[in-house]
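Morning, everyone. I want to talk about salt bridges today. Let me put the model up.

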Amino acid sequence: MAKIAVAELVPGMIVKYDIEDRNGRVLLNQGAVIESHHLRILKMWGVYEVDITSNEAVTLKQGENAGENSNYDSAAEQVNSRFSRSNTSHPCVSQLYKIALSKAMESSLSNLNDIIPDFSQHEDYDLSSGSNEFLTLEDLINEDDKLPVLPDIFSKLMEVLENPRSNALDIAKIIEKDQSLCAATLKLVNSSFYGFSKKIDNIYNSVVILGTKQLGMLALGLSVVKIFNEVESQYLNIKKMWQHSLGVGICSKIIARMADCQDYNKIFVAGMIHDIGKLVILKKIPLKTALIIKEVWEKDLFVLEAEEKYLGFTHCQAGEKFCTKFKMPDIFADIARNHHNPQNSQFPLQCSVVHLAEVIVNAVEIGSSGEKLVLPLNEYCWEILSLSSNAIPVIVKQLQVEMQTSLEFLS
Ligand SMILES: [Fe+2]
Ligand SMILES: [Fe+2]
């Protein structure tokens, strides 16, 4: 029979072939009977699917779950409506659907109210009117007034990281000049995430231990958070938007590792800033942005569709222009532009990683980027990544763990 996901294994199943870790070490022999502690070991060694001799126990388990939970009907209704524009027969989407369903069954309270903006004071605002908060894409980017401010440290870090001759001292010098970044970096390297037994108390040592590239990119990610902190909105929940971006950054890094896509740290930052265009638009035309989101929620649109309809341009175009204006590396501008259509990207693999990350983060509701419905998975992206659908539950689990740790040191 076919491989099944480790998340769906139950004790008593029999292993069909030897199970090996990535280095070829045998973890479980052919014919072994799965015991509960094996499940933890398999996950720990990054095994996400195995061949077993029969799936009887899996069928039983799914049947039991559906029958015993009285929340099932209302959870299914909620999740079906969120996935109404997704192809749930696709193996990857089907995994996301199952995860979303079990999450919805666990939580009886919906957190949607945190996302929907409060429009009560602006009922009479005409969305289609060009007279209110109208601007072109060029105006949006060219008028520096009210453009989100990219911290100085971002370009300095970028410069050093792009220079192959830069060393740990160069990075440390930059981080040390920024108090909040310095504090966040030390908090990060001393967090349980890295698990060092000895306290690391200076930036230079942090850079040496974690590596110039890795720490530089993490510092870059932290400096991106500052852009969010500086944008305010009385209509939209910026914290949720920020969590969405961080979630996509982290998830991109996890997928990049699995898909053997090099330069994880760069992909992490690309994931964090993929929706930067939304912040640019929000800061310039806050009321209209909020009302666009209102349309998204009332008419079951995707944000992209509502932007095209009411602005004539999208956050993808705005994001690309913003990255180019601030001379960010080409890959950031490209991913900001193409993350909903990775087939158009000059960096198709990296862009597909960020696209899948965004679909996952959106489906499992980590933060919010204003979307009501789960974003459709791009078929091209799934093909190019060539992942097994059984990797999805593993990615989601890892994402949830890393997200929790990151929120600890960033908040
Ligand atoms: Fe997004
Ligand atoms: Fe987007």
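Start with Glu 365 and Arg 82. They form a salt bridge, with the closest N and O atoms 3.6 Å apart. By salt bridge I mean a side-chain nitrogen of Lys or Arg within 4 Å of a carboxyl oxygen of Asp or Glu. Glu 365 sits in the loop between helix H18 (348-363) and helix H19 (379-385), and Arg 82 in helix H3 (residues 72-82), so the pair ties together parts 283 residues apart in sequence. Helices here are DSSP runs of H or I, at least four residues, numbered from the N terminus.

This is a predicted model: local features need pLDDT of at least 70, side-chain atom pairs pLDDT 80 or more, while totals for chains, interfaces and linings use all residues. Residues are numbered from 1 along each chain as written, chains are lettered from A and ligands numbered from 1 in written order, and side-chain values use heavy atoms, without hydrogens or water.

Buried or exposed? Arg 82 is buried, at 8% relative accessibility. Glu 365 is partly exposed, at 23%. The cut-offs: buried is under 20% relative accessible area, exposed over 50%, partly exposed in between, with a 1.4 Å probe on protein chains only.

Next, Lys 321 and Glu 138. Their closest N and O atoms are 3.9 Å apart, in a salt bridge. Lys 321 is in helix H16 (residues 315-325) and Glu 138 in helix H5 (residues 137-142), so this pair joins parts 183 residues apart.

Last pair: Lys 372 and Asp 300, a salt bridge at 2.7 Å, N to O. Lys 372 is in the loop between H18 and H19.

How many salt bridges does the structure hold? It holds 10.

Definitions and conventions:
Helix = DSSP H or I, 4+ residues; strand = E, 2+ residues; numbered from the N terminus.
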